[in-house]
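Have a look at it first, and then let's go through the contacts together.

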Amino acid sequence: MTALPDIAATPAELIDRRAGRHSLEAPFYTSPEFFDLDVAAIFAEHWIFVATEAELPEPGDYVTIALGPYSIVVVRDDDENLRSFHNICRHRGARILEQGRGSVGNIVCGYHKWTYGTDGTLLHAPSQPQGFDPSCFGLKPVHVRSVAGLVFVCLAEQPPSDFPDVAARIEPYVLPHQLRGAKVAAQVDLVEEGNWKLVMENNRECYHCDGHPELLRAFFPTYGYTEENLPPRLRPVHERYLRVDAELRQTCQRLGLPYELIEELDTRATGFRIQRDALNLAGESFTADGKAACRPLLGDFPTPRLGHLALHLQPNSWFHFVSDHAITFAVLPLAADRTLLRTTWLVHPDAEAGVDYDPDELLAVWTATNEQDAELVARAQRGVGSPAYEPGPYAPTEYQVEAFCNWYITRLRAHLTR
C-alpha cells in the first residue's frame with residue numbers, strides 16, 4: 001500500500017519539497033491558506049490581465065475586477081488615458097462602483113456622495129470642516145498599462161521590472177491586429193469548479209485535446225509533440241502541419257509579420273510564450289471549416305490565411321489572434337475551488353452581427369472548448385480533494401505545465417523569503 005502524503009505540512013514545507021515534473025500536492029489546490037497566499041504572492045505582486053481597451057472605448061467607461069479581497073476599477077479618463085484605482089471610497093471605505101462595467105461622468109460613492117473625477121481626484125466631499133484638504137483623499141491608484149490593446153493591472157507598489165521588456169517583445173506580434181480600435185462581439189463569464197492553477201495547467205497542454213472535437217477541426221493535435229515523441233497515429237497530420245507551417249512562414253515574411261517562437265515561461269518574473277502557428281483546414285480561423293467567421297478582417301491584413309497568433313502570459317491569461325477576430329481569456333480566482341474564466345471575442349469595429357458574421361459561428365469553437373475544459377477541471381478538482389491523491393508525473397508534451405508550476409513555486413519562494 002502506498003503511504004499517503006503528509007498534507008498537514010506548512011505551505012513553506014510543501015513549497016520546499018515540491019517534486020519537479022510532477023503535479024502539485026493537494027493543499028496547493030484545496031487549501032484556503034494557499035488561496036490567500038496565491039492572492040498575496042501571485043495576484044497582488046504581478047501584472048494581471050483584466051480587460052481589453054475595446055471594453056473602454058469612451059471617456060468614463062469603466063470595468064471593475066475582483067482579485068481575491070481586492071476590487072479594482074479600470075476607467076478611461078477625460079483625456080482618454082487608462083486609469084486604475086482601488087474601488088473603495090476614501091471616506092469610510094465603502095465599495096464605490098458595484099457593477100461590473102458601465103460609464104460615468106464622475107465616480108460617485110453612493111454612501112455619502114464623495115465624488116471623484118475619472119483621474120481619481122476627489123472633487124467633492126459634502127459637509128467637511130474648514131481646512132479639509134481634498135488633495136489628500138484621492139482614490140488610491142493601481143498600476144495599469146495597455147499592451148497593444150490588452151489591459152493589465154498590478155497591485156504591487158513596485159511592479160515586476162521586466163514587464164516593459166516583455167511588452168516590447170510582444171507588441172510587434174499583436175499590434176498588426178489593431179485591437180485598440182476593435183469591437184467587443186461577445187463576452188462570456190464561466191465559473192469553473194476548480195482551483196485557478198488547474199484552469200491554467202489544463203490550458204498549458206493538449207495531451208487531453210481528444211476531448212475537444214470542435215477545436216481539433218482547426219487546431220493541429222500535434223501541439224506539444226516533437227519529432228522524437230510524436231505518436232505514429234499523428235505522423236500524417238504532422239506532415240500536413242509542416243507543409244502548412246512552411247507556407248505560413250512565407251506569408252508572414254512577405255507581410256513583415258513576426259512568427260518565431262519566444263518561450264520564457266519560467267525564467268523571469270513575467271513568464272510568457274508567443275508564436276504564430278498554422279491552423280488546419282482552410283487555415284484562417286477557429287471555425288468548423290477553418291474559414292474566416294467575420295468578413296472584415298482585423299487590421300489591414302490582405303489575406304485571412306494567417307494561422308493563429310498564440311500568446312500565454314503568467315499567471316492568468318492566454319490569447320488567440322486570428323485574421324478575422326481575437327479571443328482573450330482571463331483567469332480570476334474566486335475561492336480555493338472556484339475560478340472565473342472570462343472570454344472575450346473582438347472583431348473589426350465596422351463588423352455587424354448578422355451581416356458580417358454569425359455570432360453563433362463566431363463563438364462556437366471556444367464556447368464548446370471552454371465548457372469541455374470546465375468539466376475536466378472540475379473532475380481534476382474532485383480528484384485532488386481525495387485523501388488518496390498523490391502527485392503524478394507529467395508527460396513530455398506537458399512541459400508547459402511543468403514550466404507554469406515551476407514559475408509558480410519560484411514566485412512563492414521569492415515572496416516568502418522577503
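A disulfide here is a pair of cysteine sulfur atoms within 2.5 Å. By that rule Cys 206 is joined to Cys 209, with an S to S distance of 1.9 Å. Please keep in mind that this is a predicted model, where local features need pLDDT of at least 70, side-chain atom pairs count only at pLDDT 80 or more, and totals for chains, interfaces and linings use all residues. Residues are numbered from 1 along each chain as its sequence is written, and side-chain values use heavy atoms, with hydrogens and water left out.

**Cysteines**

- The structure holds 1 disulfide, and its torsion about the S-S bond of Cys 206 and Cys 209 is about -105 degrees, so it is left-handed.
- Both Cys 206 and Cys 209 are buried (buried means under 20% relative accessible area, exposed over 50%, partly exposed in between, with a 1.4 Å probe and protein chains only).
- Cys 89 is in no disulfide, and its nearest cysteine sulfur, that of Cys 109, is 3.9 Å away; Cys 89 counts as buried at 5% relative accessibility.
- Cys 405 is also in no disulfide, with the sulfur of Cys 209 as the nearest at 17 Å; Cys 405 is buried, at a relative accessible area of 0%.

**Salt bridges**

- The count comes to 23 salt bridges, each being a side-chain nitrogen of Lys or Arg within 4 Å of a carboxyl oxygen of Asp or Glu.
- Glu 402 and Arg 18 form one of them, at 2.9 Å from N to O. Glu 402 sits in helix H9 (residues 399–416) and Arg 18 in the loop between helix H1 (11–16) and helix H2 (27–30), so the pair ties together parts 384 residues apart in sequence. Helices (H or I, at least four residues) and strands (E, at least two) are DSSP runs, numbered from the N terminus.
- Glu 45 and Arg 418 meet at 2.4 Å, N to O, in another salt bridge. Glu 45 lies in the loop between helix H3 (32–43) and strand S1 (48–52), while Arg 418 is in the segment after H9, 373 residues apart.
- In this pair, Glu 45 counts as buried at 16% relative accessibility, whereas Arg 418 counts as exposed at 65%.
- Glu 53 forms a salt bridge with Arg 76, the closest N and O atoms being 2.8 Å apart, and both residues are buried.
- A network of salt bridges links Asp 162, Asp 165, Arg 169, Glu 264 and Arg 268.
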